[in-house]
Structures are given as structure tokens and as C-alpha cells.
Amino acid sequence: MSPCRSLCLLTLAILLSSALAEQRKLSPENLLVITAATEETDGFMRFIRTAKEFNYTVKVLGLGEDWKGGDIARTVGGGQKVRWLKKELLKHADKDDLLILFVDSYDVIFASGPGELLHKFSRLGHRVVFSAEGFCWPDQRLASKYPQVNSGKRYLNSGGFIGYAPELSNMVQQWKFKDNDDDQLFYTKIYLDKAQRTKFNMTLDHRSRIFQNLNGAVDEVVLKFERARVRTRNVAYDTLPVIIHGNGPTKLQLNYLSNYVPTTWTYENGCGNCDEDLLLLNDTPDDEMPLVYVAVFIEHPTPFMEDFLERLSTLNYPVDRIHLFIHNNVVYHEQHIQKFWQKYRALFPDAVLVGPEENLSEDKARNMAVEACKKDPQCDYYFSMDSDVALTNPDTLRILIEENKSVIAPMLSKHGKLWSNFWGALSPEGYYSRSEDYIEIVQGKRIGLWNVPYISQAYLIKGSILRSKLAQVSMYVSDGMDADMVFCRQIRDQGIFMFVSNRDEFGRLVSSANFNTSRLHPDMWQIFDNPVDWKEKYIHENYSKIFEDEKSFVEQPCPDVYWFPAFSEKMCDHLVETMEDYGTWSGGNHRDERLAGGYENVPTVDIHMNQISFEKEWLKFLKDYITPVTEKLYPGYYPKAQAIMNFVVRYRPDEQPSLRPHHDSSTFTINIALNSKNVDYEGGGCRFLRYDCNVESPRKGWSFMHPGRLTHYHEGLPTTRGTRYIMVSFVDP
């Protein structure tokens, strides 16, 4: 072998040996993560969860100690962290191969593991690497002293740094300041001292290869969905940072990113941690269930109030473990509260009712309710619910408690709309801003638990949180701000996470914008704004079964005459009561000024829908509920659902007992019985002359449907006692 070749082989062997030695030095076993935290906040637990996911070894400094480092969220401070680190690193000062990663914890998450972290650190080629940002904080006068950089962030951030233990220990041994002095200024002065920068072989992570500070860089960071994993990508430098730091005012952006990174939610697996730390109640006896203070707030006129209150009694939760508080600020709803109280006062004997006569403002009422839970050490949870919440899932309380979050809301939205009880983001002014994922969360295309900046209308708070972090906080009262905005700001300011869950169907929000309490039964007019609630209240419970089991729920008493369930009992009663309250019945004469020609060929004693301003709502009913039945029963005919003549008829023996034979001016007619034969009246019915077929026992809420012209010549049979009401519509004239 030639001397030259031997030398080359020796050199190669030395290089390989050196590389292997360096690789051993940079193995995960030689990496220690150190962080500082005085208490296990929601942010701290999130940090620990991501650290465990990647098997980082973490040492926490300061747990259980009092924080004396100042209000670092608003001003300078943080020196206490350096003091703790100074003491800790004395233990490791002689460990040449040990790498120390120091990061904050409340506002930091890991996006990748030690292997990638160490590889990127190695490639930077320095002994100490600090994270970088675009602001020179806390002393802007030092900006000009920083070394120039061709690309990337120029200024040091002390929220994350990595280096060998001897260098870092020597560095922090220089700390001789107060706990509330600024840690970042301390590290900045060391870095700006060229001699020390050279001595410690320091650099900054200018291009966010390891550390991503979000302040000033929010627009540079996007989510990158990988296979069963989510990263953050810095699009300015095309890097995938390992550590994400929500420094300064970017806490909410970090919360948004942490809804996905690293595996919180992925397209492949959905919610990755939804089933962690659950508080299961399956085997808990009723008398040992958590005590819940349920507070109800009726602050404006709200449709379907009776149904709202009724649902309180049907919650699948032991009533003796519920303390009920109701604040009603609406005189119109006193009748509903009174009715509810008379019916259910035995279920809620300790209930507190505050009515409009107390003249208690909304914010003070909310404070009053939450303070009751704060003052009772037995109060495990506080559940707040506004009157425009249709909580249709009776298990809601159990589900939310089992999620085991400090503050959590059930996701609720207005039917068919994107209006919900949470915001995915805030504008710089602190108001609504739509997050990128908002629509998919509301529409249920992404299912999970979502850390959000704003919730309202229904939410659950742990009593322990109220009596600790929120003990001295006025949660709803603040001049110039709505109570919900004050509440969410206070929660955020205390570092408490607010979650919204769309893992279950909880219900919906009711729209109150067009609710007119001057009407006798204003819920009847809600078919446009609240179609689901309207259907539940006013459509027959068996209506949908027409399309599932026609033979059982559609009858044909005469040829081409169909009979099917349409209205609920309540709709029948409300329609009759509304007509009688209106009171201006026609005289049953041929002259009728309500008609275009002023003449009615076959007059009845009636009131038209347009007289009570219900025409639009009625045509909506025809389109949504009658048209589908027509298409099913008369195949090949597609109704336009147009109708000019829509009216309630009243038959009485001493007024107009019957109606002579006639054709209807319609393609087809519907005729809905609004009260009960042999209860409210006797006699009545309809006879189809061509078929010599009588229908004499109409059922309340059921509708006849029959052709109007040519074939179905018919007459109204005499009513012999009482009053008979029917709703008639000539469809597609």
C-alpha cells in the first residue's frame, strides 16, 4: 500500500471517528430540557404533553414557589428564571457532552422530537444558540449594536436557547441581579459583547430552524399537514421549526396552532388527545355526582321559552345535585317562569329566581350567580346558559364534566348559519375575527376540542378554578364592555384555556332578532328564523313517518283523498286562539271585500291568513311540509306551493253549520282539522258526491288532501253542536 493511500485512509478513519463521537455527544440521552413554572397551568400541561409525545427529558424549576419575576406579560422581568437556572446548572457544569435546552413552558409547544432538534443544532455549528425575533426588546437603544444579518431575524429572544452545559453554566453564573430584573436584557448584553459571544461560541437561530417566536411573525407561519402529524412552516425562510413560542401578544395564535400541532388534530386520526384525562362518571352514584350551579339568563325576549324551560327539567342529571338560578329581565316571560315554577318547584326547592322587578342589570346578575358558586366550597361546577340556547342533548352536563377542562362550552350554532357561540380568533381590537378553521368546525367537518379565545351563551367552569385563579376577579362587570366580552377577557388574562367541543350534538342557538311579543303566540311566526324549533313545536310528531312507513301513517278514505298527520296539538290550539283573538270573522256572505273581485261564490265564516300577517309563514309551511307529501302521494306532479286563498273556517250550528256542494279553485286542497270531534263539537265532516264517500271523523292536526277541480265535488256536512275549526288552503290555483 502506498504511503499516500495509507495517509488518506488514516484521515478518513479519524474523520469517521470524530463524526461518531460527535453523534454520540448529540444523542437524545445527552439532552436535558429545562423549563420554569410556578404552577401547573393549562399552558404548562400542554407543554408537558407535547414534550412527552416526543420523549423529551424535562426538568421543571420553580413549581410551588411564589413568582417574584414581575409581570412579564406586560413589562420587563423574568430574572427569577435565571436565578433558578444558575443554581440548577451548577449540577451540570462539568458535563461536557450534556446539551441543555431551556424554554419557557406556559406559551411553548414542541413540534418535533430530539433527533431533529439535535441535527439542526449540529448544523448551525455553534456551542450556544438562542432564538431570534424581529424586535429589540426590552431596550431598543441596543438595536444598532447587534451584528448585521443577511437573512432572518436579528434580535435575541430568551424564551428558548440550547447549548452545552459548561458554556451555559458559565454564562448564567454572571447573574447577580434581582428576580424582577429582565432576563432577556441579561442574555442580550452577553451576546452583544463580542468577546463573550466568541468565548461562548454563541449565535442566533435567525431563520427559525429550531425556534419559532410568533411575535412579529404570525403572518410567516402556517400549518403544514403531514401524514398523521401537523407541523408549523415558516414560509419566509422555508423552515420547519421544532419549538413554537407564543411570545408577547401571540398567545392566542399559539393556542390556534396547538389545536393541531403536533397531533392534536389530524386529517387521518381526527382528535388525537380528546380521550386523555377524562373524568368518567359512569359508575358514580347519583348522590356523589358533582354539585352543579346552573345559572339561566333571560335578558331579552326569546322565542320558544316554554320549551327552553321545559328542557331544564329533562337534563339527565340528578336534580338534587343541581342548584338553579334564573335571572329573568323580560316582563313578557314572567308568565312562562311562573308556569315553569308551579310545575317544577318540587324539583328545584333551593332555586333562586330574580325577576324584572328587581331591576338587576345583566352583568350584575351574572356576577351574582357566579359568586354563589365561588362562595360555596361544595360547588364543583358552574354552568351558565342563556335563553337563546336550545340544549336538546339531555346529557350535556355529564359530557362537559367528563371532558375535565377548566372552562368548556358545547358548540352551538344557528340552524343553517355560521353564527355560533364561539370565535376562532380575535381582531387586534379584541373583537370577532374568523379563523381559518372556523367554518369546518361549525359545520362539523373537523371534530374535536378546540382552544378558542371567546365563548358565550353556554359554558361550564370548574368551581376550583373560580375559587383560585378567578377568586379576586370581577368576571362580568366592566364599564363600556358587554358581559360576555369581559368574561372571556378575564379568563384569557388568567392564562386559563377556553375550549369548545363539537364532539357531540348538543343543540343549537335560537334567533331572537324578529321575535314580536305583541302577538298572542309569537312563536308561530318563527318558521323562517328558527325552522327546527318551529318544526319541533308545531309539526305533528308522526309527520316524518309519512316518508318512512306510508301505509301506517297515510290513509285514503276516498278515491284520491289522502289523510295524514300535519299539525301538532299546540299548532292547532295556537292557530285557533290567534284567530279568535283577532276576532274579525267574515259574515259568510257572498260580498267579500277581502277578495279582488269583492265576491265569494261559496262563502264561509273565516279569517284569511293575510289578515293576521301570517301569509308568508303559511306559504313557507306549504313549501316545506305539504309539497313533499304531495310529490309522494301524487307521483309526477310537482307543486309550485302557491296559494292565494288560505283561511281558517269556523262552523257553528247557529252561525254556519255546513257548506253547500262546490269545487275548489285549486289544483289540490288541504283541509286540516284544528280541534277534536265529540270533544269540541259534534257532526261535521266532508262528503265527496262523485264517490258518495263521507269523511266524518277528522282527527285533530291531520290534513285531508284532495284534487280541487273537476273530480272532487264536495260539501261540508252539518256541525250539530259546539264549534268546529278547519284550516283550508287552495294550492296552485
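Student: Which residue is the bridge partner of threonine 669 in β37?

Tutor: In this predicted model, threonine 669 has histidine 706 of β37 as its bridge partner. That pair belongs to the contact between strand β33 (residues 668-673) and β37, which run antiparallel and are joined by 5 bridges. Strand β29 (residues 561-565) also pairs with β37 in the antiparallel sense, over 4 bridges, and there proline 565 stands opposite tryptophan 702.

Student: Which way do the side chains of β37 point?

Tutor: The general idea is that in a regular strand the side chains alternate between the two faces of the sheet. In β37, Trp702, Phe704 and His706 point one way, while Ser703, Met705 and Pro707 point the other way, and all are buried. Because 6 of the 6 residues of β37 (residues 702-707) are buried, this strand is largely enclosed by the rest of the structure.

Student: How should I read a helix in these terms, and which residues of α10 are buried?

Tutor: An α-helix has 3.6 residues a turn, so residues three or four places apart point the same way. In helix α10 (residues 334-344), the buried residues are His336, Ile337, Phe340, Trp341 and Tyr344. They cover an arc of only 130 degrees around the axis, and therefore lie on the same side of α10. The face turned away from that buried side carries the exposed residues Gln342 and Lys343.

Student: What do the buried residues of α10 pack against?

Tutor: They pack against β14 (292-298), α9 (305-312), β15 (322-328) and β16 (352-354).

Student: Turning to loops, is serine 511 buried or exposed?

Tutor: Serine 511 is found in the loop between β27 (507-509) and α16 (531-538), and it counts as buried because its relative accessibility is 10%, where the cut-off for that class is under 20%. Leaving aside neighbours within four places in sequence, serine 511 is in contact with Pro303, Lys414, Gln526, Asp529 and Asn530. Serine 511 and valine 389 are 9.3 Å apart in space, C-alpha to C-alpha, although 122 residues apart in sequence.

Student: And which residues form a nonpolar patch on the surface?

Tutor: Val76, Phe135 and Trp137 form such a patch, and together they have about 270 Å² of accessible area. Of these, phenylalanine 135 is found in the loop between β5 (128-133) and β6 (155-164), and its relative accessible area of 40% is why this residue is classed as partly exposed.

Notes. Residues are numbered from 1 along each chain as its sequence is written. This is a predicted model: local features need pLDDT of at least 70, side-chain atom pairs count only at pLDDT 80 or more; totals for chains, interfaces and linings use all residues. Side-chain values use heavy atoms; hydrogens and water are left out. Patches are made of residues with over 30% relative accessible area and no salt bridge: like charges are joined within 9 Å, nonpolar side chains (Val, Leu, Ile, Met, Phe, Trp, Tyr) within 5 Å. Accessible areas come from the Shrake-Rupley method with a 1.4 Å probe; for residues, only the protein chains shown count as cover. A salt bridge is a side-chain nitrogen of Lys or Arg within 4 Å of a carboxyl oxygen of Asp or Glu. Helices (H or I, at least four residues) and strands (E, at least two) are DSSP runs, numbered from the N terminus. Buried means under 20% relative accessible area, exposed over 50%, partly exposed in between (1.4 Å probe, protein chains only). Two strands pair if DSSP finds at least two bridges between them. The arc is that of the directions from the helix axis to the C-beta atoms. Contact means heavy atoms within 4.5 Å.
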